[in-house]
Amino acid sequence: MTGTPAVTATDVTCQCEGKQPTRPAYSVIVPVYDHWSLVPELLDCLRVQTLPQDEFEVVLINNGLKPFVAPRTLPRNVRILQCDRRGSYAARNAGVSAAVGDWMVFTDADCRPVPEWLEAMRDASRKEPGDVLLAGPVEMYADTLRPNAYQIYDLIRGIPQEHYVRRGYAATANLLIPRSVVEELGGFDATRFSGGDADLCRRAVARGYPIRFVPEALVYHPARVSWEEVVAKARRIKGGQILSGSSTSRTYWVLRTLLPPVPLYYRYALASQYPVRYRLISLAVQSRLWGHELIETLRLLKRLSRRQRS
């Protein structure tokens with residue numbers, strides 16, 4: 001499957017602070033699902049990037065369910081698109097289709113890139129002899145000195161991007177891919193609601209494109225504050241594992257879910273940068289979450305069975 005990702009979107013940008021004077025080399029692609037209150041802070045982070053503003057554009061793609069009114073004014077290098085197809089990967093494909101840059105840089109509305117983020121990505125890409133995928137660290141944070149149990153859990157579990165890169169993939173919270181590679185692969189699998197980033201990266205690596213870790217290209221991500229948010233993420237991930245991919249992949253994830261999450265327990269217990277109390281809390285939350293994952297797996301298997309019979 002090659003070519004531009006087959007998801008389109010409508011430009012709903014109202015007004016910008018002038019026009020983009022040159023064709024930018026980098027397109028920052030950000031799907032937004034009913035979380036527009038988070039976008040101004042993200043734009044503030046992008047406004048102070050050390051990479052010159054005319055070298056990158058920002059493409060925000062709305063694909064939420066709630067009524068949306070675009071901001072009246074935006075920085076000159078920011079556009080807003082409306083994508084009616086559900087799913088963040090469909091939205092990212094729509095953003096790629098509308099983008100003008102040679103490099104697609106993916107992040108999320110709740111991420112907070114450091115000022116050197118894009119410049120670090122650019123410098124790393126220039127050191128590579130050919131097309132390459134680049135991923136930066138995603139560091140969790142809590143906006144309080146006394147985080148609750150779910151924030152503590154999310155701080156310790158985090159998004160271990162360097163570990164992911166060693167295994168041949170990365171999260172779209174902080175990922176750069178050449179446009180030519182995205183188009184060659186046909187974009188993200190828009191039928192997925194989770195795991196589409198790992199799927200695209202693995203397909204790229206299978207085609208011979210390496211993936212590198214760029215420690216200077218840092219983004220921050222807020223820790224989840226409630227049990228409902230933790231469960232929602234777990235359900236989304238489990239859905240991507242059970243309902244997508246090959247039968248071999250689905251079988252693997254079912255069997256892995258049935259087993260206690262010992263690797264996670266081990267990682268949390270060894271997270272010596274955190275107090276022992278934090279580590280014990282994360283172990284307790286993970287144990288509780290495993291029970292919900294078992295129930296969700298059974299529910300998804302029933303859904304899969306109905307889908308296969310129809």
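The legends below describe close-up views of a predicted model. Local features are reported only at pLDDT of at least 70 and side-chain atom pairs only at pLDDT 80 or more, whereas totals for chains, interfaces and linings use all residues. Residues are numbered from 1 along each chain as its sequence is written, and side-chain values rest on heavy atoms, with hydrogens and water left out.

**View 1. Tyr-141 and Tyr-220 form an edge-to-face aromatic pair.** Rings of Phe, Tyr and Trp (its six-membered ring) are paired if their centres lie within 6.5 Å, and a pair is called stacked if the planes are under 30 degrees apart, edge-to-face if they are over 60 and tilted for the rest. By this rule the count comes to eight aromatic pairs. In the pair shown, the ring centres of Tyr-141 and Tyr-220 are 6.4 Å apart and the planes stand at 80°, so the arrangement is edge-to-face. Helices (H or I, at least four residues) and strands (E, at least two) are DSSP runs, numbered from the N terminus. Tyr-141 belongs to strand S8 (residues 138-141) and Tyr-220 to strand S11 (residues 219-222), so that the pair links distant parts of the chain, 79 residues apart. Relative accessible area, computed with a 1.4 Å probe on protein chains only, defines buried as under 20%, exposed as over 50% and partly exposed as in between. Tyr-141 is partly exposed at 21%, and Tyr-220 is likewise partly exposed at 29%.

View 2. Because Tyr-150 lies in helix H4 (residues 149-157) and Trp-227 in helix H8 (residues 227-243), the pair ties together parts that are 77 residues apart in sequence. Tyr-150 counts as partly exposed, at 21% relative accessibility, while Trp-227 counts as buried, at 10%.

**View 3. Helix H4 crosses helix H10 (residues 262-269) at roughly 95°.** The axes, which are lines fitted to C-alpha atoms, for helices over the stretch in contact, with angles from 0 to 180 degrees between N-to-C directions, come within 10 Å for H4 and H10. H4 is therefore roughly perpendicular to H10, on a scale in which angles under 35 degrees are roughly parallel, over 145 roughly antiparallel, 65 to 115 roughly perpendicular and the rest oblique. With contact taken as heavy atoms within 4.5 Å, Tyr-153, Ile-156 and Arg-157 of H4 meet Leu-264, Arg-267 and Tyr-268 of H10. These residues divide into four nonpolar, no polar and two charged, where Ala, Val, Leu, Ile, Met, Phe, Trp, Tyr, Cys and Pro count as nonpolar, Asp, Glu, Lys and Arg as charged, and the others, Gly among them, as polar. Tyr-266 is also placed in H10 and, at 56% relative accessibility, counts as exposed.

**View 4. Leu-60 is buried in strand S3 (residues 56-62).** The relative accessible area of Leu-60 is 0%. Leaving aside neighbours within four places in sequence, Leu-60 is in contact with residues including Val-30, Trp-36, Val-39 and Leu-43, and other contacts of Leu-60 include Val-78, Arg-79, Ile-80 and Leu-81.

**View 5. Leu-134 is buried in strand S7.** Leu-134 has a relative accessible area of 1%. Residues up to four places away in sequence not being counted, Leu-134 touches Met-121, Ala-124, Ser-125, Asn-174, Leu-175, Leu-176, Arg-212 and Val-214.

**View 6. Helix H7 (residues 196-206) presents a set of buried residues.** Gly-196, Asp-197, Ala-198, Asp-199, Leu-200, Cys-201 and Ala-204 are the buried residues of H7. They pack against helix H2 (88-98), strand S7 (133-135), strand S9 (175-178), helix H6 (179-184) and strand S10 (211-213). Just after H7, Gly-208 adopts a positive phi of about 100°.
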